[in-house]
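Please work through the following exercises with the sequence and the model at hand. Each task is followed by a solution in steps.

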Amino acid sequence: MTDLSDAGAPDGPPEDTKLTRTKLRWAQEGKFLTGRVARPEGERLPPGQHLVKDWPVLDLGIQPMVPPMRFRLDVSGAVENPVSLDWDAFLALPQKSFVNDIHCVTTWSRYDNTWQGVSTHDLLDLVMPAPHAVAVMLHSFDGYSTNLLLEDFASEDALLAHAWAGAPLTREHGGPMRLVVPHLYFWKSAKWLKSIDFIAADKAGFWEERGYHMRGDPWAEQRYSDD
Ligand SMILES: Nc1nc2c(c(=O)[nH]1)N[C@H]1C(S)=C(S)[C@@H](COP(=O)(O)O)O[C@H]1N2
Ligand SMILES: [Mo]
């Protein structure tokens, strides 16, 4: 455990980096908290959802072919350290494994998906969002886009996934790399992710412009926007 009483020591403790301070500030502001909700097993399925065992494929009908050689992830906008990662640089980031449930707005849910990839926390550590960053816009190789509030993007469970169930993510499910934000409806989990733009005001992506909810919390059934 970090002793925070050291924070004001003359030279500052070695862990008092800019990064630590940003994380502390986020923690104080309550960021990172929205994605983490412990629920009893009986409430595992959100309202209006049904369980499936297969894994449906949903997209705009274009499944772009992105060979590792052509892969690039551009992270820019309101960040201190914009990056453009090729496939090797992406795989060189810390690798994590998560197990979580998928909830699609078309009412299917799929339990216990095992993902491998880079946690959004580790990506945030790398790029360092600016104080005025409040949301991200995700852009994909098929022209798709979707928006997330920074605290949703930064959820404990969110990751940039390149493998599912121990095998490389297939093209139809967004390979070589997709976002997975399990606490929101699955349209927020951009497949074939190409760029992440940190922005100072939330704005609508592809489905959000067409009547879907700006946030998409399945527990609150945020399927469509009210207006
Ligand atoms: N790039 C891209 N990502 C996308 C989509 C898309 O059309 N293009 N569709 C979204 C929708 S509506 C859903 S439900 C999930 C489906 O992911 P799956 O095909 O792996 O089940 O991807 C989301 N991410
Ligand atoms: Mo969807």
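The exercises below treat confidence, strand pairing and the ligand shell.

This is a predicted model, in which local features need pLDDT of at least 70, side-chain atom pairs count only at pLDDT 80 or more, and totals for chains, interfaces and linings use all residues. Residues are numbered from 1 along each chain as its sequence is written, while chains are lettered from A and ligands numbered from 1 in the order in which they are written.

**Exercise 1.** State the mean pLDDT of the chain.

Solution. Recall that pLDDT is the predictor's confidence in each residue, from 0 to 100. The mean for the chain is 89, and 82% of its residues reach 70 or more. Over residues 1-14, however, the pLDDT is below 50. Beyond near neighbours in sequence, this stretch has three contacts in the model (C-beta atoms, placed from the backbone, within 7 Å).

**Exercise 2.** Determine which strands pair with β5.

Solution. Strands are DSSP runs (E, at least two residues), numbered from the N terminus; two of them pair if DSSP finds at least two bridges between them.

1. β1 (residues 50-51) pairs with β5 (residues 108-119) in the parallel sense over two bridges, and L51 stands opposite S109.
2. β4 (residues 96-103) runs antiparallel to β5, with seven bridges; V99 faces T114. Four residues separate the two strands of this hairpin, and T107 in the turn has a positive phi of about 90°.
3. β8 (residues 159-164) is antiparallel to β5 over five bridges, with W164 as the bridge partner of W115.

**Exercise 3.** Identify the residues that come nearest to ligand 1.

Solution. A residue counts as near if its C-beta atom, placed from the backbone, lies within 6 Å. Of the 18 residues around ligand 1, D59, S140, Y144, W187 and K191 come nearest. The shell divides into eleven nonpolar, four polar and three charged residues. Here Ala, Val, Leu, Ile, Met, Phe, Trp, Tyr, Cys and Pro count as nonpolar, Asp, Glu, Lys and Arg as charged, and the others, Gly among them, as polar.

Notes
Two residues are in contact if their C-beta atoms, placed from the backbone, lie within 7 Å.
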